Amino acid sequence: MIVALYISMKNGMVALPVFNERISPLLDVANRFAIYEIVDDRISQKIMVSLHDESVIQRVQKLKELGVSLIIGGAVSGFVTHVIAEKGIRLISWINGEADKVIHSYLRDDLDYAAEDMRGCGRGRRRGCRGGGSGKRGVGEENTAEENE
């Protein structure tokens, strides 16, 4: 009998939009990104990239050129979600917290524990205030362009 064991290792470049070392509240206007190179579920390097004076389409294109395959961010419009999807980049949105804590939570597959209290409930189709209005999203899901259109 042959038993196949499938182990999913995280590899690639992951970008987090940052402001004051935290996930930027709105990906659409973010111009500073922490880019982590992940090799075998470990961070091999981190670089900070500033993309000033560029449109959101140009910023996403630049991230693609840098090898980014996943963006983990905060709030994001349907338009930007579509632009990201068109470039073949995966997106995990509605995340907040300190960037380094978020990336480590992603690597441990417990990203939902990195999400902190997001004030307010108005999140387009992702409305989700639960008990007491904390607005905390059960994360770990990935958005697709269709979800936000």
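1. Of the 149 residues in the chain, 42% are buried, where buried means under 20% relative accessible area, exposed over 50% and partly exposed in between (1.4 Å probe, protein chains only). The model is predicted, so local features need pLDDT of at least 70 and side-chain atom pairs count only at pLDDT 80 or more, while totals for chains, interfaces and linings use all residues. Residues are numbered from 1 along each chain as its sequence is written, and side-chain values use heavy atoms, with hydrogens and water left out.

2. The chain contains three helices and six strands, in the sequence order β-β-β-β-α-β-α-β-α. Helices (H or I, at least four residues) and strands (E, at least two) are DSSP runs, numbered from the N terminus. Of the contacts with a separation of 6 or more, 49% join residues 24 or more positions apart; a contact means heavy atoms within 4.5 Å.

3. Strand pairing requires at least two DSSP bridges between two strands. β1 and β3 run antiparallel and are joined by six bridges; P17 has F33 of β3 as its bridge partner. β3 also pairs with β4 in the antiparallel sense, over eight bridges, and here I35 stands opposite I47 of β4.

4. The hairpin of β3 and β4 has two residues between its strands. D40 lies in this loop, between β3 (32-39) and β4 (42-50), and its phi is positive, near 50°, although D40 is a residue other than glycine. D41 is placed in the loop between β3 and β4 as well, and it too is not a glycine but has a positive phi of about 65°. D40 counts as partly exposed because its relative accessibility is 42%; D41 counts as partly exposed at 27%.

5. The largest nonpolar core has 19 residues, and those touching the most other members are L27, F33, I35, L63, V68, I71 and I84. At least two residues of this core come from each of β1, β3, α1, β5 and α2. A separate second core of 17 residues includes V18, I38, A99 and I103. Such a core is a set of buried Ala, Val, Leu, Ile, Met, Phe, Trp, Tyr and Cys residues joined through side-chain atoms within 4.5 Å.

6. Leaving aside neighbours within four places in sequence, the residues in contact with I35 include M13, V14, A15, I47, V49, L63, L66 and V68.

7. Helix α2 (residues 78-86) has G78, V80, T81, V83 and I84 as its buried residues. These pack against α1 (56-65), β5 (68-72) and β6 (90-92). After α2 comes G88, with a positive phi near 80°.

8. F19 belongs to strand β1 (residues 12-19). Is F19 buried or exposed? F19 is exposed because its relative accessible area is 55%.

9. Two remarks concern aromatic rings. The charged end of K10 sits over the ring of Y106, 5.1 Å from its centre; this requires NZ of Lys or CZ of Arg within 6 Å of the ring centre and within 35 degrees of the ring normal.

10. The accessible surface of the chain is about 8,400 Å², and 52% of it belongs to carbon and sulfur atoms, by the Shrake-Rupley method with a 1.4 Å probe; for residues, only the protein chains shown count as cover.
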